[in-house]
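Trainee: Can we go through this one together before I set up anything on it? I'd like to begin with the backbone and then move on to the ligand.

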Amino acid sequence: MNTPAKPLYYGDYLKLSSLLNAQFPESGRYGREAHDEMLFIITHQTYELWFKQILHELLSVLELFSAVPLDEKKLHVIVRRLDRIIRIQQVINQQIGILETMTPLDFLDFRNFLVPASGFQSRQFREIELRLGLSHHLKNFGFGRFTEEDRRHLERVAKQPSLFERVDAWLARTPFLESEDFSFWHSYRVAVANMLAGDADIIGNNPLLSEPEKAQQLAELEATRQSFACLFDPQLYEQYRRQGNFQLSYKATLAALFIQLYRDEPLLQLPFRALTRLMDLDEQLTHWRSSHALMAQRMLGTKIGTGGSSGHDYLRSTVSGKRLFADLFNLSTYLIPRSQLPALPDSLQRNLGFQQERH
Ligand code: HEM
């Protein structure tokens, strides 16, 4: 190893002279320096640094996910990197609390100097969304608020496979749902029918319910039965999907359900952990959207944002409107008690594993 001529110096290594000289409050330029603008700038800059790290991890996760077959070693690294992203998300979600030590009046001291700049124009945030698979959002807003360079960059990113697509493809090619001596779906269907018949009995025999209440609960049970029906009928599933009830493909949903149901099988534990991390990531992003929307309401009330949106109302709409893996959460609808799970035949138990992808 070559020894550098000059010993490395902490501040040089971290480029601190650039980093710590990059805070220029706009209010100062107008001769009305607002004390809290420094906090506002540093909070945003810290976010952007963490966004950079999230993208660094996300790009490697996408690269690993592109491998076919996806062996256990790679899946293990994916789970660890997703874990790191989630830890970062937890930290940046907490940062909102620091910014909320600024009062709405303090914010008003410099808010108008910021127009039309806004978090809307965070290229890294949009890139994270696109890489995750939330590109549909761009159809609503276009790239008009970005510089030409940022717009072109995001357009390039939008054409590349997203995490959502990679996960869907990985799940869809898992082969263990059928084997020579076992059709999981047939057995599962019987188990579901038994479970629902049991629930109907419980409602029918409940002395505390009036007849109209029983009728109401039975109607709800029927709706659940219909929702289960689409798991056994690809065409019905597609119909539901077109109506926005599912995002994952049919095969991916079945595989994810199988992993959830048989998570205790040694070879499904790691895929189950991966699915859990994807849900955690989605949940943390949703927490951020919700806390950020509340912070915007606290600061602005019903005023519009500096970027020109309706402000809190717009942000609120993204909380439920931009979920990535809601399907994985909703799979709980289709879980049946362990005691009613069809037993896996020995042959499948022996073979159960992602090594089968090679066939
Ligand atoms: C006083 C604090 C803040 C207020 C009042 C606020 C307000 C808003 C508003 C109203 C919007 C909607 C777009 C617009 O019309 O401007 C927005 C978008 C956004 N803000 Fe903030 N924000 C604050 C702090 C932050 C911080 C610290 C970040 C961290 C990076 C951030 C990131 C974003 C992002 C990424 C968007 C786009 C969200 C989307 O389109 O889904 N904001 N903000």
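**Backbone, ligand and rings**

Trainee: Where is P116?

Mentor: P116 sits in the loop between helix 6 and helix 7. Helices here are DSSP runs of H or I with at least four residues, numbered from the N terminus. The model is predicted, so local features need pLDDT of at least 70 and side-chain atom pairs pLDDT 80 or more, while totals for chains, interfaces and linings use all residues. Numbering starts from 1 along each chain as its sequence is written, and side-chain values use heavy atoms, with hydrogens and water left out.

Trainee: And the peptide bond from V115 to P116, cis or trans?

Mentor: That bond is cis, with omega near 0 degrees. V68 and P69 are also joined by a cis peptide bond, omega about 0 degrees. P69 lies in the loop between helix 4 and helix 5 (72-99).

Trainee: What about phi of K15?

Mentor: K15 has a positive phi, near 50 degrees, and is a residue other than glycine. K15 belongs to the loop between helix 1 (10-13) and helix 2 (16-19).

Trainee: What happens at the start of helix 13?

Mentor: Helix 13 covers residues 234-242, and at its start a side-chain oxygen of D233 comes within 3.0 Å of the backbone nitrogen of Q235.

Trainee: Now the ligand. Which protein donor does the iron atom have?

Mentor: H292 is the only one, through NE2 at 2.1 Å. Donors are N, O and S atoms within 2.8 Å of the metal (3.2 Å for Na, K and Ca), and sites may look incomplete because water is not among the atoms. H292 is part of helix 15, residues 266-300.

Trainee: How many residues surround it?

Mentor: There are 30, with S118, R126, H292, S309 and Y314 the closest; a residue counts if one of its heavy atoms lies within 4 Å. Helix 15 supplies the largest share of the shell, seven residues.

Trainee: Changing topic: how many aromatic pairs?

Mentor: The structure has 18. Rings of Phe, Tyr and Trp (its six-membered ring) pair if their centres lie within 6.5 Å; planes under 30 degrees apart are stacked, over 60 edge-to-face, the rest tilted.

Trainee: Why is the pair F40 and F107 called tilted?

Mentor: Their ring planes are at 35 degrees, with centres 5.6 Å apart, so the pair counts as tilted.

Definitions and conventions: Helices (H or I, at least four residues) and strands (E, at least two) are DSSP runs, numbered from the N terminus. A polar contact is a pair of N or O atoms within 3.5 Å; within protein, one must be able to donate a hydrogen and the other to accept it, and residues adjacent in sequence count only if both atoms are side-chain atoms.
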